[in-house]
Amino acid sequence: MRDEDLRTLSRPATPSGSPGRPATAPATADPKWLGPVLVAGIVLAALNLRPAITSLGALFEEARTGLHMSGTVAGLITSVPAFCFAVFGVTAPRLSRRFGPAAVVCAGMAAVAAGLLIRPFADSAAAFLAASALSLAGIALTNVLLPVIVKRWFPDRVGTMTGLYSMALAAGTSLAAAATVPLTSALGGDWRTGLLVWAVLAVAAVLPWLPVVAASRREKAAATASVREDAGPSVVRSRTAWALACYFGLQATGAYVTMGWLPQIFRDAGVSASTAGVLLAVTMVMGVPLAFVIPGLAGRMRHQGPIAAVLGLFGLAGYLGLHLAPAAGAWAWALLLGVSNCAFPLVITMIGLRAKSPAGVVKLSAFAQSTGYLISIPGPLVIGTLYQHSGGWDLPLALMAGLLVPQIALGILAGRDRTIEDECGVRD
């Protein structure tokens, strides 16, 4: 994207705009540097949306032993991310209305950095959990508001910008999962140091948002655009909003089950532990290129339902393969599930497309993500319980395949060419 394009796109859209383009020009022009700095801020923020989780996953056994965690506390920590995303994400609209979305994202990144800086020095499981919750609260706010930032400053590049930060999110997820253990070994082998290193990336993510926040406060147009962020539609009255929320919840369930249980499925089939880890990395890495391609494609389509259906079919093929020949076709099933997990960038793109204004996007994003993460909380626990009591993977895999059927149906409903403002009778 050229610099002149970024300068043009960095002008905020007004609430009366149609999806994908601003309705009127702002009263004053934004600084020329704002567009490129916003792109850098969005990418750095997205890179930090998962390392707090996946870096801990890589060193969880060491952290659990070092902090003398009981099995109950360890199980609680694995369930905390989705819970925090739901609880703190719902506060994003109110905070955005009061302080502006850029300021809240900046504070969210600061919270992520603070939690990652404090967490390695915790001397008890409770302190470790509290520091983790601080980082997760910052991630929750940023999760909700990045689509709002994109809609407001890049209104006619929703697909492209969503693809850019979805790709960065997938890259950060994979990088932390793959690099944490080697970095820990290179830095002396202490798990605390291995977790601390990711705070550096989080601190870097705060820096570009500082001038953006300052510019937003100085610019009257930007301030005016955020005053009425409470004027959006009542999303609970929208069938599209509910379809998006449930679709988000089912795709998140699949993603968390994959991250938590896929290596064990392969190991139980006779695959070595190291190869099982590589297979999970392959599944996660698939999200990097596809997270950029899918939003761009979705943004050019009037109905995104066909993409949701294709992604769901890839998942069905992957689960069927795991049932029939988990070891023999392991690489193929890992690739298929990696494609299926790219429902996340699709649903984030649809959030930006299913509302006309930044006010609508902030409400829809908070509702869909908070409700969706609540829906996803029981998934990994239920799969673990089924695995433990059935003694194998037939029932868990059947359940995951079965959940893809309503996921496809909901994706088709959510992908229809309509907006929540139209459904709720809100006029431009």
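Which residues does M167 touch, not counting residues up to four places away in sequence? I will come to that in a moment, after a word on where the values come from. What we have here is a predicted model, in which local features need pLDDT of at least 70 and side-chain atom pairs count only at pLDDT 80 or more, while totals for chains, interfaces and linings use all residues. Residues are numbered from 1 along each chain as its sequence is written, and side-chain values use heavy atoms, with hydrogens and water left out.

So, to the opening question: M167 touches V288, A291 and F292, once residues up to four places away in sequence are set aside, where contact means heavy atoms within 4.5 Å. M167 itself lies in helix α9, residues 158-186, and by helix I mean a DSSP run of H or I with at least four residues, strands being runs of E with at least two, and both numbered from the N terminus. With a relative accessible area of 26%, M167 is partly exposed, on a scale where buried means under 20%, exposed means over 50%, and partly exposed is what lies in between, using a 1.4 Å probe and protein chains only. The C-alpha atoms of M167 and A291 are separated by 4.7 Å, although the two residues are 124 apart along the chain.

The crossing is right-handed, a term used if the near helix is turned clockwise from the far one by less than a right angle, anticlockwise being left-handed. On the α16 side the residues are A291, I294, P295, A298 and G299, and they meet P345, L346, T349 and L353 of α19.

Let me step back to the whole chain. The protein chain has 23 helices and 0 strands, and of its 428 residues, 55% are buried. If we take contacts between residues at least 6 apart in sequence, 83% of them join residues at least 24 apart. The chain exposes about 16900 Å², of which carbon and sulfur atoms supply 66%, the areas coming from the Shrake-Rupley method with a 1.4 Å probe and, for residues, with only the protein chains shown counting as cover.

One example of a buried position is T253, which lies in helix α14, residues 239-268, and counts as buried at 4% relative accessibility. Leaving aside neighbours within four places in sequence, T253 is in contact with I375, S376, G379, M400 and L403. F83 is in helix α5, residues 71-89, and is partly exposed, with a relative accessible area of 46%.

Now the charged pairs. Side chains of opposite charge can pair when their charged atoms come close. A search of the whole structure finds 3 salt bridges, each defined as a side-chain nitrogen of Lys or Arg within 4 Å of a carboxyl oxygen of Asp or Glu. D156 and R157 meet in one of them, at 4.0 Å from N to O; D156 is partly exposed at 37% relative accessibility, and R157 is partly exposed at 34%.

Another joins D417 and R302, whose closest N and O atoms are 2.5 Å apart. This pair links distant parts of the chain, with D417 in the loop between α22 (394-414) and α23 (420-424), and R302 in the loop between α16 and α17 (305-324), 115 residues apart. R302 is exposed at 63% relative accessible area, whereas D417 is partly exposed at 43%.

K356 and D422 also form a salt bridge, at 3.0 Å from N to O. Here too distant parts of the chain are linked, K356 being in the loop between α19 and α20 (358-376) and D422 in helix α23, 66 residues apart. K356 is buried, at 16% relative accessible area, while D422 counts as partly exposed at 47%.

I118 is found in helix α7, residues 101-118, and is partly exposed, at 48% relative accessible area.
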